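Hello,

Here is the structure for your files. Notes on what was found in it follow below.

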Amino acid sequence: MKKNIVLFVLFILPIVAYLFFASGINSFAKLPTITEKIPDLKWKTADGQSITLDNKITILGFTGSKVLYNEGNFFNLNQKIYNKNKNFKDFQFVMIAPKGSEGEVKELMEKLKPIAEDKDISKWIFVFAAPEEIREYYSKLNLVGQLDDNAGTANVYIVDKARNLRGRKGKNLEGKEEYKEGYNTISAADLHNEMSDDVKIILYEYRAALKKNNPKTEMKRKI
C-alpha cells in the first residue's frame, strides 16, 4: 500500500498537476472585461475581403506604418501565441495596418510562413485603413495606452466573441490590484507567460460553455 502511495506521489501526481496548470484553468476566474462592445471593423484586406470581430476570438493589433522594422514583434507573436492556438475554430489574428503598407505586409507574410506551424498563415489577417481612421477607431477602445506616431503599437489585445476587449483588472489570485489591457509583443516573456495564460482562460470559457450547451458533441470538435 505504501509503495503504491509513493509511486503515485512520484509519478502520477506531477503529471496530473502539469495537465491541470497547462490547461489554463489554474486561474479559473473569468478574464475581466476592459472595454465592452468595441466597434466592429469596417475595413477590408488587400484582396477586398471583409472581416468581422463578431463570433470570433480575436487577437487584435495595430501594426503602424513601419511593418518590417517591427517584424520581430510579429515573429514573437507567431511563435508564442499563433502556432499554439491557430487550430482552434473561430480564432483569428487581425492586424490593422495603414494604407500604403500593403507591400511590407506581403513581405512580412512571406517571412512568417516558413516559421508558422505547417506553414499555415491563414489565421493571420491584415486590414488596411487611413491613419486617421485607425486613430479614431483606437480611441473608441478606451484604453490607457496610445498609438505611436506611425499609428501603431507593440501591444496586442484579446477580443472575445461578443467584441469585449478582455484583460486583467482588479484583484488577482494573490489579492493584489492588477491592470493589463494589452500584451507587449516586444517581450517574448510577456507573451509566453501572461498572454498565453489569458488566452487559455478565454478558450476554457468557451469550451466550458460549449460543453454545457452541447454535452454530447463537445468532445467531437474544437472551439
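This is a predicted model, in which local features need pLDDT of at least 70, side-chain atom pairs count only at pLDDT 80 or more, and totals for chains, interfaces and linings use all residues. Residues are numbered from 1 along each chain as its sequence is written, and side-chain values use heavy atoms, with hydrogens and water left out.

F93 is buried, with a relative accessible area of 0% (buried means under 20% relative accessible area, exposed over 50%, partly exposed in between; 1.4 Å probe, protein chains only). F91 is also buried, at 2%.

Both belong to strand 3, residues 91-98 (strands are DSSP runs of E, at least two residues, and helices are runs of H or I, at least four, numbered from the N terminus). Eight of the eight residues of strand 3 are buried, so the strand is largely enclosed by the rest of the structure. F91, F93, M95 and A97 cover one side, and Q92, V94, I96 and P98 the other.

Strand 3 runs parallel to strand 2 (residues 57-63), with six bridges, and parallel to strand 4 (residues 124-129), also with six (a pair needs at least two DSSP bridges). L60 stands opposite V94, and F93 stands opposite W124.

The structure holds twelve aromatic pairs (Phe, Tyr or six-membered Trp ring centres within 6.5 Å; planes under 30 degrees apart are stacked, over 60 edge-to-face, the rest tilted). F91 and F93 form an edge-to-face pair, 5.6 Å centre to centre with 70 degrees between the planes. One aromatic cluster consists of F74, Y82, F91, F93, W124 and F126.

Regards
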